[in-house]
Amino acid sequence: MAVNYIYPEYEVARNYDRCINCKVCENQCANEAHEYLADMEKMISDHSKCVNCHRCVALCLTRALKIVKSNNTYRENFNWSKKSMDELFRQASSGGVLLSSMGNPEPYPVYFDKILINASQVTNPSIDPLREPMETRVTLGAKPQIIERDKSGRIKNNLPPQLKLSMPIMFSAMSYGSLSYNAHESLARAAEELDILYNTGEGGLHEDFYRHGANTIVQVASGRFGVHPGYLKAGAAIEIKMGQGAKPGIGGHLPGSKIVGDISRTRMIPEGSDAISPAPHHDIYSIEDLRQLVFSLKTATGFQKPVIVKIAAVHNVAAISSGIARSGADIIALDGFRGGTGAAPTRTRDHVGIPIELALASVDKRLRDEGIRDSVSIVAGGSIRSSADIVKAVALGADAVYIGTAALLALGCHLCRSCHAGKCNWGIATQIPELTKRLNPDIGYKRLVNLLNAWKHEIKEMMGGMGINSIEALKGNRLMLRGIGLNVKELEVLGLKHAGE
Ligand code: SF4
Ligand code: SF4
């Protein structure tokens with residue numbers, strides 16, 4: 001029988017001069033990578049169990065620990081990398097589909113890093129955001145095509161339902177079940193304090209969080225988990241999830257081991273049963289079918305809630321979005337292929353879909369060309385990492401962005417990419433009580449508020465630098481951007497000039 005020994009990717013480097021055998025690392029590591037050997041009075045490490053989550057490194061008071069990348073190597077070449085060989089060995093052993101968490105890590109172009117932002121000089125003065133008003137509020141939803149007046153000349157309020165945000169940022173869909181209760185509480189409370197919205201994802205809404213309904217987007221996915229009339233009415237908006245950037249074209253799967261207690265009640269499925277969302281919605285095979293669901297959800301909520309349709313960024317995303325804009329939806333959420341996930345088949349995550357920057361630019365252009373851009377808002381997600389990414393996304397045509405991974409990082413995630421294992425040492429992507437209590441929602445929500453307030457300030461500074469004083473004036477304003485190191489076709493899709501032009 002072939003030997004499938006795979007050398008660990010990371011090694012725990014312990015400085016024995018500093019280690020005081022306090023066993024903090026042993027107690028903190030849910031992966032059991034550390035062990036105290038009483039007879040030798042010594043801590044030892046099992047490198048093969050370490051997922052590089054940095055929990056032990058962060059909590060080691062004597063700074064005795066480091067996680068280092070192994071320098072063990074195969075005789076690799078450009079065609080057969082260590083990663084591809086290890087993955088093949090693993091599948092030859094298990095016969096199973098490879099699973100991964102978080103977003104696409106492959107070295108595809110990150111277009112945000114090849115786009116530069118403008119600044120005003122001389123003829124168009126910049127604006128000082130500390131001394132002059134700077135509008136970061138945005139309104140999402142369909143805008144009226146015409147202004148109607150009543151007999152006395154007053155403007156009729158013919159606005160469809162809208163979402164109002166204090167800044168162009170929302171927390172993206174992450175379900176209760178894939179995330180812990182404390183992570184959801186942190187997101188909900190932060191959304192409320194910041195006057196933005198968070199998103200239930202496809203796991204339903206825990207009864208404790210109905211009180212945050214005004215800052216909640218409730219999601220309806222193909223599995224319909226936790227969906228009932230009270231749930232639909234509880235949120236400020238309803239999102240139909242047609243696709244997700246990390247796994248376009250396939251459904252979702254939360255293993256039965258995670259369907260326990262409140263999660264089973266909230267999802268309305270029996271304890272221990274796998275929560276499998278089908279790849280398609282079984283009632284949607286055309287834009288007309290989508291229109292039916294949009295209409296049904298609006299009817300169920302008295303036409304008081306905007307409906308978002310979320311799709312993965314794929315090859316013909318502009319044409320699909322054009323159809324969605326005509327389906328009666330108020331907002332289109334585009335999710336690029338670097339967007340995170342609690343679990344996805346590795347091959348799908350790494351090879352299916354397209355970058356959000358290209359999808360966003362082409363959707364915005366298509367809707368403008370068709371004269372229907374104002375009939376929907378666009379929310380872009382899929383690895384927004386900083387306020388600069390947000391400014392670039394808005395200038396490429398987004399009304400607002402969704403952040404997921406960035407929000408989890410603010411909560412303590414160290415991107416070990418092991419969410420699918422359910423043993424998140426930071427208490428975020430786990431349901432194990434000893435681990436979930438590690439995330440204190442009082443601290444978690446404050447860190448989210450800090451992050452977004454910092455980003456809001458940076459957005460104001462960058463807008464001021466451009467001489468722009470509102471998000472609305474930045475939206476789709478590609479003159480404020482230039483490409484760097486991009487080819488002619490890429491610039492054409494993005495609708496940008498090259499730096500120096
Ligand atoms: S899995 Fe995390 S806590 Fe455990 S040894 Fe590795 S870095 Fe430390
Ligand atoms: S949420 Fe937890 S398990 Fe997932 S990548 Fe972050 S630290 Fe790792």
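**View 1. D350 and R349 join up in a salt bridge.** Their closest N and O atoms are 2.7 Å apart; a salt bridge here is a side-chain nitrogen of Lys or Arg within 4 Å of a carboxyl oxygen of Asp or Glu. This is a predicted model, so local features need pLDDT of at least 70 and side-chain atom pairs count only at pLDDT 80 or more, while totals for chains, interfaces and linings use all residues. Residues are numbered from 1 along each chain as its sequence is written, chains are lettered from A and ligands numbered from 1 in the order in which they are written, and side-chain values use heavy atoms, with hydrogens and water left out. D350 counts as buried because its relative accessibility is 1%, and R349 counts as buried because its value is 4%. (Buried means under 20% relative accessible area, exposed over 50%, partly exposed in between, with a 1.4 Å probe and protein chains only.)

**View 2. K82 and D86 pair up within helix α3.** Their side chains meet in a salt bridge, 2.6 Å from N to O. The helix covers residues 82-94, and the two partners sit 4 residues apart, about one turn of the helix. (Helices are DSSP runs of H or I with at least four residues, strands are runs of E with at least two, and both are numbered from the N terminus.) Both K82 and D86 are buried.

**View 3. Here D335 reaches K310 in another salt bridge.** The closest N and O atoms are 3.7 Å apart. This pair links distant parts of the chain: D335 belongs to strand β16 (residues 331-335) and K310 to strand β15 (residues 307-312), 25 residues apart. D335 and K310 are both buried.

View 4. For the whole model, the count comes to 30 salt bridges.

**View 5. Now for the surroundings of ligand 1.** Around this ligand you'll find C29, N31, A33, H34, C50, V51, C53, H54, R55, C56, I67 and N425, each with a heavy atom within 4 Å of it. Sorted by class, that shell has 7 nonpolar, 4 polar and 1 charged residues. (Ala, Val, Leu, Ile, Met, Phe, Trp, Tyr, Cys and Pro count as nonpolar, Asp, Glu, Lys and Arg as charged, and the others, Gly among them, as polar.)
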